[in-house]
Amino acid sequence: MEVEGDLNSAGMLVAEEISIRRPGDVRITGAIESIDAAASRIHLLGLQVQLDERTRFEDKTSADDMFLSAARLAVGDRVEIRGFEDPVKANLVIATRLERDDDDDNEVELRGRVQQVNAPALTILGVRIDTTATTQFRDDDTTISAPTFFDQAAGRIVEAEGNWNGASIIAHEAEFEDGARRTP
């Protein structure tokens, strides 16, 4: 739950906005590749993202569309999705929040639990993350080696940033995000 507001003279919080947030450790940033309006789903980075009545929409573009909804999205819109993996259907993300922005950066981001490790690649939500000799690996903002990263990656929450080539993310950075620091 999140409550926003101001403290009054008695020190009591006077709520201006109250929202209940569903838990989630998935974050996806990129351009919408396709939209299935009938199913209220968008696709980006090869993933299906389910939008529903509890998805919070925010428009951070210059249009500042206060009525932003699934019906007002377009292919090519840059969005950041926060949510969780559907417990029944693999690699389907249920969006708790969708932010649309004007950022024209081609960089993408995927954060989620590592499903498979096969150095120099890993898989998150069925999406392949390829690393290169220039990829930076981090654990709690501390630089670590690629072998250390891959030895510890299975089952951990990782955020990968890079470029989408239509089949995989070519990561320039991969970082553990689960707070379970394992390096000495």
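The model is predicted, so local features need pLDDT of at least 70 and side-chain atom pairs count only at pLDDT 80 or more, while totals for chains, interfaces and linings use all residues. Residues are numbered from 1 along each chain as its sequence is written, and side-chain values use heavy atoms, with hydrogens and water left out.

**Stop 1: Leu125**

Select Leu125. Leu125 sits in the loop between strand S11 (121–124) and strand S12 (127–139). Strands here are DSSP runs of E, at least two residues, numbered from the N terminus. Is Leu125 buried or exposed? Leu125 is buried, at 4% relative accessible area. Buried means under 20%, exposed over 50%, and partly exposed in between, using a 1.4 Å probe and protein chains only.

Now show what surrounds Leu125. Set aside neighbours within four places in sequence. Leu125 is then in contact with Val26, Leu47, Glu85, Asn91, Val93, Leu110, Arg113 and Gln115. Contact means heavy atoms within 4.5 Å.

**Stop 2**

Turn to charged pairs. Side chains of opposite charge can pair when their charged atoms come close. How many salt bridges does the structure hold? The structure holds 14 salt bridges. Each is a side-chain nitrogen of Lys or Arg within 4 Å of a carboxyl oxygen of Asp or Glu.

Select Glu109 and Arg27. They form a salt bridge, with the closest N and O atoms 3.4 Å apart. This pair links distant parts of the chain: Glu109 is in strand S10 (residues 107–118) and Arg27 is in strand S3 (residues 26–31), 82 residues apart. Glu109 is buried, with a relative accessible area of 14%. Arg27 is buried as well, with a value of 18%.

**Stop 2: Arg56 and Glu58**

Select Arg56 and Glu58. Their salt bridge has its closest N and O atoms 3.0 Å apart. Arg56 is partly exposed, at 25% relative accessibility. Glu58 is buried, at 17% relative accessible area.

**Stop 3: Arg72 and Asp65**

Select Arg72 and Asp65. In this salt bridge the closest N and O atoms are 2.7 Å apart. Arg72 counts as partly exposed, at 45% relative accessibility. Asp65 counts as buried, at 15%.

**Last stop: a network**

Finally, select Arg27, Glu109 and Glu159 together. Salt bridges that share partners join these three residues into one network.

Key:
Helix = DSSP H or I, 4+ residues; strand = E, 2+ residues; numbered from the N terminus.
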